Amino acid sequence: MADLLTDAQFNEFRKLIYDSSGITFSETNRSILDSRLKERLRDKNLENLEDYYKLITSNKEEFKLFLDSITTNLTRFFRNQPHFDALINYVIPHVIEEKQSGVDRKIRIWSAGCSTGEEPYTIAMLLKDKLPAPWTFEILASDISLKSLMVGQTGFYADSRVSGIPQNYLASYFTKADGGYQVKPDIMKTIKFDYHNLRFDMGARNLDIVFCRNVLIYFDENAQKITLDHFWNSMAKHAYLFIGHSESLFGMDTKFEFLKTPWACLYQKNI
């Protein structure tokens, strides 16, 4: 099948995508948008893009499914181990020290762009294992992909998906099931999965740690700035931000401070 998008249609769809989500499509990834639109037309039994454009601009649920179809959901358990080493050996001790003088003994974490849930479950397993009593934690896991969120909420992963999990964690926090592994309830209850578009403020406040890894690369500078401002507003006074190892805030207009630990580099809100 030939390319579906004309130049005018490409500009129309990518403007709609950008204005609603901050995701940027350029000529280099135009073919991805083209192929995803072909899939959606087949699924909806529509003949032309004009009809589909009318559908997604009038039907919020279909628009969510469309955004879902154009996002990339590559992830795995314990992805980029140095980040989790920094979390356990540096960030958590500093968060505990900062909160020690108060009565709050709960650590609040946001996994933004959580995909199918491997990242928040990794964090939950680590904290369940390493966090000293009487400290507890809660994790908000959000994504723009409804299909991915459903996987995370279910907590079932095929055998091929759990290869990165240490054997002691697999035994402690999963139950073997037909064809894969099921996350145990005491881990699942620490995570709340929720649909969220990073273009908008989530409304959460006083978060101690935010993970948003390999998401900002899909945004242009303006959308990145909007997202980072939302993170800043959601975070406690001395909170920590993890972004992808190939991402950087260097040269951006942001109030986050660069932080280099012996394990990994990250950023801090420090006011």
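Trainee: In which loop is the place of Asn-197, and is Asn-197 buried or exposed?
Mentor: This is a predicted model, in which local features need pLDDT of at least 70, side-chain atom pairs count only at pLDDT 80 or more, and totals for chains, interfaces and linings use all residues. Asn-197 sits in the loop between strand S6 (191–195) and strand S7 (207–212), where helices (H or I, at least four residues) and strands (E, at least two) are DSSP runs numbered from the N terminus. Buried means under 20% relative accessible area, exposed over 50% and partly exposed in between, with a 1.4 Å probe and protein chains only, so Asn-197, at a relative accessible area of 9%, is buried.

Trainee: With which residues is Asn-197 in contact, leaving aside its neighbours within four places in sequence?
Mentor: Contact means heavy atoms within 4.5 Å. Once the neighbours within four places in sequence are left aside, the contacts of Asn-197 are Ser-20, Ser-21 and Ile-144.

Trainee: What is the phi of Asn-45, a residue other than glycine, near?
Mentor: Asn-45 lies in the loop between H2 and helix H3 (49–56), and with 68% relative accessibility it counts as exposed. Its phi is positive and near 55°.

Trainee: How are helices H1 and H2 oriented towards each other?
Mentor: The axes, which are lines fitted to C-alpha atoms over the stretch in contact for helices, with angles from 0 to 180 degrees between N-to-C directions, come within 11 Å for H1 (residues 7–21) and H2 (residues 30–44) and cross at roughly 90°. Angles under 35 degrees count as roughly parallel, over 145 as roughly antiparallel, 65 to 115 as roughly perpendicular and the rest as oblique. H1 is therefore, relative to H2, roughly perpendicular.

Trainee: How many nonpolar, polar and charged residues has the contact of H1 with H2?
Mentor: Asp-7, Phe-10, Phe-13 and Ile-17 of H1 meet Arg-30, Leu-33 and Leu-37 of H2. Ala, Val, Leu, Ile, Met, Phe, Trp, Tyr, Cys and Pro count as nonpolar, Asp, Glu, Lys and Arg as charged, and the others, Gly among them, as polar. By class, this contact has five nonpolar, no polar and two charged residues.

Trainee: With the side chain of which residue does the side chain of Glu-62 make a polar contact?
Mentor: Glu-62 is found in helix H4 (residues 60–70), and at 3% relative accessibility it counts as buried. A polar contact is a pair of N or O atoms within 3.5 Å; within protein, one must be able to donate a hydrogen and the other to accept it, and residues adjacent in sequence count only if both atoms are side-chain atoms. At 2.7 Å, the side chain of Glu-62 has such a contact with the side chain of Tyr-52.

Trainee: Which are the edge strands of the open sheet of three strands?
Mentor: Two strands pair if DSSP finds at least two bridges between them. Three bridges join S3 (residues 156–158) to S5 (residues 180–183) in the antiparallel sense, and four join S4 (residues 174–177) to S5, also antiparallel. The order is S3-S5-S4, and the edge strands, each pairing on one side only, are S3 and S4.

Technical notes
Residues numbered from 1 in each chain as written. Heavy atoms only, no water.
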